[in-house]
Amino acid sequence: MVINDLDAKVAAAAEMILASRRLVVFTGAGISTESGIPDFRGPGGIWTRFDPDDFTIQKFLSSRETRKKQWEILVKGELLSGVKPNRAHHAIAKLGRIGKLDCIITQNVDNLHQKAGNSPEKIFELHGNLQWIRCMDCGERYSVEHIMALLQGGVEVPECEKCHGILKPDAVFFGEMLPPDTLNAATDHSMRCDLFLVVGSSLVVHPAALMPAYAKEAGAKLIIVNIGDTPYDSRADILIEGKAGDVMSKMVEKVEKGP
Ligand code: APR
Ligand code: ZN
């Protein structure tokens with residue numbers, strides 16, 4: 001479907017959502033940049049300033065220096081407890097409220113879909129979540145607020161208060177397995193949906209980036225809302241280049257108005 005102008009594309013996407021029975025929304029860091037959280041590969045993104053090879057789980061466990069850098073990034077980026085959902089998150093929460101959302105599959109660890117009001121059991125966090133920090137030795141769990149207070153109080157590398165073990169956020173690091181139950185559930189929902197809507201992802205990190213392929217193979221339509229290219233652009237039924245906040249609020253407004 002070749003549609004040119006933005007409004008026509010948003011209207012066509014809204015019609016697809018109205019006609020769909022099982023809509024899966026797939027989000028990446030691009031949906032949270034308007035909340036002040038840097039993305040990874042967009043202009044000025046985290047991996048344009050830091051080398052992702054420095055942040056594998058192996059490096060994190062073996063080097064105190066890497067742990068110190070990782071905590072610095074998290075304090076500057078996602079751990080910011082004051083971060084709020086933006087219009088794109090609220091638009092997707094509205095789709096949930098009007099019963100048009102099968103589930104959200106997200107690569108983000110910022111908890112913003114939950115804060116926007118989507119029910120947690122309908123949110124599959126493929127890369128974990130930063131709300132809890134866990135001891136790698138004894139499993140003791142700490143809230144992000146508790147650890148943030150230590151970091152902002154000058155602690156460079158927080159340790160477990162019980163056993164002095166290494167503390168790691170509940171997010172999935174490069175080189176770590178994704179949570180198997182979450183990955184299986186996300187795969188299953190992707191294979192059974194009839195409409196797959198991507199918002200703010202470069203779709204280059206696997207296995208998360210396999211989800212749109214599963215949906216297309218199952219015969220679903222694919223809508224991509226993103227600034228910049230993705231490897232799936234040629235397979236999208238509707239490709240919308242635009243800011244997630246603007247596009248998603250306009251799209252859901254049209255969905256709410258109805259056919
Ligand atoms: N509106 C629309 N698109 C946006 C916006 C915005 N406001 N801001 C940024 N983008 C786009 C960027 O241009 C980029 O194409 O969102 C995309 C985000 O891509 P990435 O930064 O690669 O983020 P993501 O796809 O979520 O990365 C996947 O990589 O490093 C790992 O674990 C990390 O979960 C992350 C995974
Ligand atoms: Zn411990």
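Modeller: Six strands form an open sheet in the order S3-S2-S1-S7-S8-S9, with parallel pairing. Strands here are DSSP runs of E with at least two residues, helices are runs of H or I with at least four, and both are numbered from the N terminus. Two strands pair if DSSP finds at least two bridges between them. In general, strands of a sheet pair through backbone hydrogen bonds, either parallel or antiparallel. The edge strands are S3 (123-125) and S9 (238-241), each pairing on one side only. From one strand to the next, the twist averages 15°. Such angles run from 0 to 180 degrees between N-to-C directions, and axes are lines fitted to C-alpha atoms, for helices over the stretch in contact.

A word on the basis. This is a predicted model, in which local features need pLDDT of at least 70 and side-chain atom pairs count only at pLDDT 80 or more, while totals for chains, interfaces and linings use all residues. Residues are numbered from 1 along each chain as its sequence is written, chains are lettered from A and ligands numbered from 1 in the order in which they are written, and side-chain values use heavy atoms, with hydrogens and water left out.

Now strand S1, residues 23-27. Of its 5 residues, 5 are buried, so S1 is largely enclosed by the rest of the structure. Buried means under 20% relative accessible area, exposed means over 50%, and partly exposed lies in between (1.4 Å probe, protein chains only). Leu-23, Val-25 and Thr-27 point one way from S1. Val-24 and Phe-26 point the other way.

S1 has two partners to follow. With S7 (residues 195-199) it pairs in the parallel sense over 5 bridges. There, Phe-26 stands opposite Val-198. With S2 (residues 103-106), S1 runs parallel and is joined by 4 bridges. Val-25 has Ile-104 as its bridge partner in S2.

Move on from S7 to S8, residues 221-226. These two strands run parallel, joined by 5 bridges. Val-199 stands opposite Val-225 in S8. S8 has 5 of its 6 residues buried, so the rest of the structure largely encloses it too.

Helix H8 (residues 180-192) lies across S1, S2, S3 and S7 and runs at about 130° to S3. S7 and S8 are joined by 5 bridges. Helix H1 (residues 6-19) packs on the sheet and touches S1, S7, S8 and S9. Its direction makes about 135° with that of S9. Contact means heavy atoms within 4.5 Å.

Two packed helices are described by the angle between their axes and the distance between the axes. H1 and H10 pack at an angle of about 50°, with their axes 8 Å apart. That makes H1 oblique to H10. Angles under 35 degrees count as roughly parallel, over 145 as roughly antiparallel, 65 to 115 as roughly perpendicular, and the rest as oblique. The crossing of H1 and H10 is right-handed. A crossing is right-handed if the near helix is turned clockwise from the far one by less than a right angle, and left-handed if anticlockwise.

On the H1 side, the contact includes Leu-6, Asp-7, Val-10 and Ile-17. They and others meet H10 residues, among them Val-247, Lys-250, Met-251 and Val-255. By class, this contact has 10 nonpolar, no polar and 3 charged residues. Ala, Val, Leu, Ile, Met, Phe, Trp, Tyr, Cys and Pro count as nonpolar, Asp, Glu, Lys and Arg as charged, and the others, Gly among them, as polar.

H10 also meets helix H5, residues 87-97. H5 passes H10 in a left-handed crossing. Residues in the contact include Arg-87, Ala-91 and Lys-94 of H5, with Met-248, Val-252 and Glu-256 among those of H10. This contact has 8 nonpolar, 2 polar and 4 charged residues.

Finish with Lys-94, which sits in H5. At 31% relative accessibility, Lys-94 counts as partly exposed. Leaving aside residues up to four places away in sequence, Lys-94 touches Val-252 and Glu-256.
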